[in-house]
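Let's take a friendly walk through a protein structure together. Keep the sequence and the 3D view open, and look up each residue as we reach it.

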Amino acid sequence: MLEVFQFINPLQLESLESEQKMIKILSKFDTKVCYKYIPLLNLKTYAKIADKLTTTSQFSDPNYLMQLAFQMSIDHEAIAIQGRKVARIFLRTLQSAVITQHCVYSESLITEIANTLGVDVNNFLHERQLAKTKQRLTQNQRLALEFAITNTPCVVVLDTKKEYAYVMEHFDRDALLSFVEAHHQHLPYSLQRTLHAIDG
């Protein structure tokens, strides 16, 4: 089985696009894959995107951006208790609202999205206040350090036998196919065929 870790920036358009592309790719897999989103909370990352979001003063401050991304990441972790798939959909919907529709992040926005997805909102609002939810987020940051991830979007493919870990710092179809070529002896033929058949 393969494990796929996608390191993202919740406020980065490129991350949102890479998430959508990865979902498309994984939907075509006919082999078992464990897939996990990991928002990366790195101040340097937010300094790089501050001037791309908006000209308003609040969004030009990397510290504010990181605080906002932290809260969005906490929301993601809090909903993940009710299922990782719904948590990924929630985060992508929230990202789209904030990044492309320029919605103001607020409790009313997140509860509206949660309601739309059929999430238990009371449970979600309770979970986002708990220390253990923040601890899970901290554990994910340690994983980013373990893989030496400093930029987003980034994808790490790891086999469950720990025979290899492949890091794609600039995730795209070509990088994924390079991974297949480099590790074809470890991958099921059906997976190789699936990846080669994916449109860019």
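This is a predicted model: local features need pLDDT of at least 70, side-chain atom pairs count only at pLDDT 80 or more; totals for chains, interfaces and linings use all residues.

**Rings, core and one threonine**

F5, F7 and F147 are linked into a cluster by ring pairs. Residues are numbered from 1 along each chain as its sequence is written, and side-chain values use heavy atoms, with hydrogens and water left out.

What makes two rings a pair? Rings of Phe, Tyr and Trp (its six-membered ring) pair if their centres lie within 6.5 Å; planes under 30 degrees apart count as stacked, over 60 as edge-to-face and the rest as tilted. By this rule there are four aromatic pairs. One of them joins F5 and F147, a tilted pair with 5.9 Å from centre to centre and 45° between the planes. F5 sits in strand β1 (residues 2-8) and F147 in the loop between α7 (131-146) and β3 (154-159), so this pair ties together parts that are 142 residues apart in sequence. Helices (H or I, at least four residues) and strands (E, at least two) are DSSP runs, numbered from the N terminus.

Y35 and Y37 form an edge-to-face pair, 5.6 Å centre to centre with 85° between the planes. Y35 is buried at 8%, and Y37 is buried at 1%.

Now for the nonpolar core, a set of buried Ala, Val, Leu, Ile, Met, Phe, Trp, Tyr and Cys residues joined through side-chain atoms within 4.5 Å. The largest one has 25 residues, and L11, I79, F90, L94 and F124 have the most contacts inside it. Two or more residues come from each of α3 (62-80), α4 (84-100), α5 and α6 (121-127), and α3 gives the most, with eight residues. In soluble globular proteins, nonpolar side chains tend to be buried together.

Find F90 next. Contact means heavy atoms within 4.5 Å. Leaving aside neighbours within four places in sequence, F90 is in contact with D75, H76, I79, I110, I113, A114, L117 and F124.

Our last stop is T111, in helix α5 (residues 107-116). T111 counts as buried because its relative accessibility is 16%. Its side chain reaches the backbone oxygen of E107 at 2.8 Å, and a polar atom of that side chain lies 3.0 Å from the backbone oxygen of S108. Beyond its neighbours within four places in sequence, T111 is in contact with V121 and L125. From T111 to F124 there are 13 residues in sequence and 8.9 Å in space, C-alpha to C-alpha.

How values were computed
Buried means under 20% relative accessible area, exposed over 50%, partly exposed in between (1.4 Å probe, protein chains only). A polar contact is a pair of N or O atoms within 3.5 Å; within protein, one must be able to donate a hydrogen and the other to accept it, and residues adjacent in sequence count only if both atoms are side-chain atoms.
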